[in-house]
Amino acid sequence: MELLFDTANLDEIKKYSQYYPITGVTSNPSILKAEGNVDLYGTLREIRNVISMEKSLHVQVLAEDADGMLKEAEAVLKNVDDKVFIKIPTTEEGLKAMMMLKSKGIGVTATAIYTKIQGFMAIMAGADFIAPYCNRMENLDVDFEETIADFRQMIDENQSSCKILAASFKNIRQVNRAFTVGAHAATVQPMLMHSSFEMAAVKKAVDDFKADWVAVRGDVSLTDL
């Protein structure tokens, strides 16, 4: 399993990557909007410096036609680095762009996936990652668990190297469900991960352990023994 952070906030990436074993960072225009009118390429280069070349960085294009997507992809690769995975919306023009990019050996993440046929076509087009939008699918009464399971079956049966990068989560239960049914990876907002570990029951268990220790040995740590 792989965990990626779905953010362009440098402070969050620096802070929470100390706690979570992330394998990369994803972004899109909406995520970047949350950071304000920042220096786009400067911010992306800083993110790369934080996560290192060993982890994956995914950056989305804005163009709606294949030629425009290709040009924007080349701009990203030139201004950030040549290891960036280019996020391409899974439209007809997007599929065309995916095949063009893969013919050049460029990493591709197929995004904005809501349906099985989108995912199947992106796999066939050579995408390295496919990103089903779990919460948005659920809001449209689309069973994202069944969809991910079918993607995984197709990938495994055809021995494809494509990975399912589940995205768009409202709660941690959706993340768990995505992993359980076969997603290779999930991209999650750092604060959603943080909130899932802030449960009162977890804190109470830790506090109870400490209280039991102190009751017998006083305020003495293991290093003091």
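I took contact to mean heavy atoms within 4.5 Å.

**Model.** I worked on a predicted model, in which local features need pLDDT of at least 70, side-chain atom pairs count only at pLDDT 80 or more, and totals for chains, interfaces and linings use all residues. Residues are numbered from 1 along each chain as its sequence is written, and side-chain values use heavy atoms, with hydrogens and water left out.

**Ala122.** I located Ala122 in helix α6; helices (H or I, at least four residues) and strands (E, at least two) are DSSP runs, numbered from the N terminus. I recorded Ala122 as buried because its relative accessibility is 0%; buried means under 20% relative accessible area, exposed over 50%, partly exposed in between (1.4 Å probe, protein chains only). Leaving aside residues up to four places away in sequence, I found that Ala122 touches Thr90, Leu95, Met98, Ala110, Ala127 and Ile130.

**Helices α6 and α8.** I looked up the packing of α6 (residues 116-124) on α8 (residues 144-157): the angle is about 25 degrees and the axes are 10 Å apart. Axes are lines fitted to C-alpha atoms, for helices over the stretch in contact, and angles run from 0 to 180 degrees between N-to-C directions. I therefore class α6 as roughly parallel to α8 (under 35 degrees; over 145 is roughly antiparallel, 65 to 115 roughly perpendicular and the rest oblique). From α6, the contact draws on Lys116, Gly119, Phe120 and Ile123; from α8, on Glu146, Thr147, Asp150, Phe151, Met154 and Ile155.

**Barrel.** I traced 8 strands that close into a barrel with parallel pairing, in the order β1-β2-β3-β4-β5-β6-β7-β8; two strands pair if DSSP finds at least two bridges between them. Direction ignored, neighbouring strands of this sheet are turned by 25 degrees against each other on average.

**Strand β3.** I found 5 of the 5 residues of β3 (residues 56-60) buried. Ser56, His58 and Gln60 lie on one side, Leu57 and Val59 on the other, and both faces are covered. I counted 3 bridges from β3 to the parallel strand β2 (residues 22-26), where Gly24 stands opposite Ser56. A further 3 bridges join β3 to β4 (residues 85-89), also parallel, and there Gln60 stands opposite Lys87.
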